[in-house]
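Trainee: I would like to learn how to read the features of a structure. Please take me through one.

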Amino acid sequence: MSREIKIAPSILSADFAKLGAEVEAIDAAGCDYVHIDVMDGHFVPNLTFGPPIIQCIRPCTTKIFDVHLMINPAQPYLKDYADAGADIITVHAEADPHLDRSLQLIQSLGKKAGVSLNPGTSESAIEYVLDKLDLILVMSVNPGFGGQSFIPAQLEKIRRLRQMIGDRPIDLEVDGGVNVDTLKDVVDAGANVLVAGSAVFKGDDYGATIGALRDAAE
Ligand code: DX5
Ligand code: ZN
C-alpha cells in the first residue's frame, strides 16, 4: 500500500531566536508536518527543548506536530509532550525496555505512536509491536545533530521495513541527511515521510525547497 508523501522540516535547524516565526514560515511554505527534535544530552550528545517551548509554538500553526523524542527515559514524560501539543510522539527503541507499554500509553493519550531506530539497530526491534504502531522513523544519521551525511546502508532497512509493514496503515519516516539528491532513493526504498532540517533552513526560500523536495519525491 503506498502512502501519501509528507514533508517534515526539522526545526532543529531553525533560528531559535525567532522560533515562532520560523514555524509560521514553514507552514506558509507548504510543509505537512513540523518535525520537533527533543534531545536530552544523555541519550544523544546534544540538548534542545522540552514541553514548554513546544507549548509556546503550538499556536503558530495547525500543522501536525511530529515530536521525535531522543530522551531516556521517555515514558515518564509522554503525557507532558501530549499536553504540550504533540500529534505524533516517537520514542527510540534503544531507549525503552518497555516499548509496548509506551506505545499503548501514547495511544491512550489520543496521539499517534512512533518508534525510531538508530542506524545500528535492526528492523527486528519492532517486529512484535508492529500492530501498535502508527509510524516508524528510520534514522539515516546518528541522532544528535543536523547537517550530517546520509548513511546509504539504511536504504536496505527501509526496504525491509516497507515489506514488514505490508498493508498496515503505518507511515515510514526517514530522518537525517535528506535533501533533493538523497531523497529519490529513500522514496524508492519505500519511505513516505521525509524529514529535512538543514536542507530546508539553510536557504532563504523555504517554499522553493519544500516544493523541490516534493517534486523529487513525487
Ligand atoms: C538528528 C535529528 C534530525 C535532524 C535532521 O538527530 O533527529 O531531525 O534535524 O537534520 P538534517 O536534515 O540536517 O540531517
Ligand atoms: Zn528527528
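Mentor: Start with a definition: a residue counts as buried when its relative accessible area is under 20%. Keep in mind that this is a predicted model.

Trainee: Which residues of helix α1 are buried?

Mentor: Helix α1 covers residues 19-28, and its buried residues are L19, E22, V23 and I26. These residues lie on the same side of α1, because they cover an arc of only 100° around the axis.

Trainee: What do the buried residues of α1 pack against?

Mentor: They pack against the strands β1 (6-9) and β2, and against the helices α2 (51-57), α7 (198-201) and α8 (206-217). Just after α1 comes G30, with a positive phi of about 95°.

Trainee: Next, the metal. How are angles at a metal judged?

Mentor: Ideal angles are 109.5 degrees for four tetrahedral donors, and 90 or 180 degrees for six octahedral ones.

Trainee: How is a pair of aromatic rings described?

Mentor: By the distance of the centres and the angle of the planes. The whole structure holds two aromatic pairs. One of them joins F201 and Y206: the centres are 5.1 Å apart, the planes are at 70°, and the pair is edge-to-face. F201 counts as buried at 9% relative accessibility, as does Y206 at 13%.

Trainee: What lies over the face of F65?

Mentor: R58 does, at 3.7 Å from the ring centre of F65.

Trainee: Last, L78. Is L78 buried or exposed?

Mentor: L78, which lies in helix α3 (residues 78-84), is buried, with a relative accessible area of 0%. Leaving aside residues up to four places away in sequence, L78 touches L69, I89, V91, S102, L105, I106 and L109.

Definitions and conventions: Residues numbered from 1 in each chain as written. Chains lettered and ligands numbered in written order. Predicted model: local features only at pLDDT ≥ 70, side-chain atom pairs only at ≥ 80, totals over all residues. Heavy atoms only, no water. Phe/Tyr/Trp six-rings, centres within 6.5 Å; stacked < 30°, edge-to-face > 60°. Buried < 20%, exposed > 50% of the residue type's maximum accessible area, 1.4 Å probe, protein only. Lys NZ or Arg CZ within 6 Å of the ring centre and 35° of its normal. Helix = DSSP H or I, 4+ residues; strand = E, 2+ residues; numbered from the N terminus. Arc of directions from axis to C-beta. Contact = heavy atoms within 4.5 Å.
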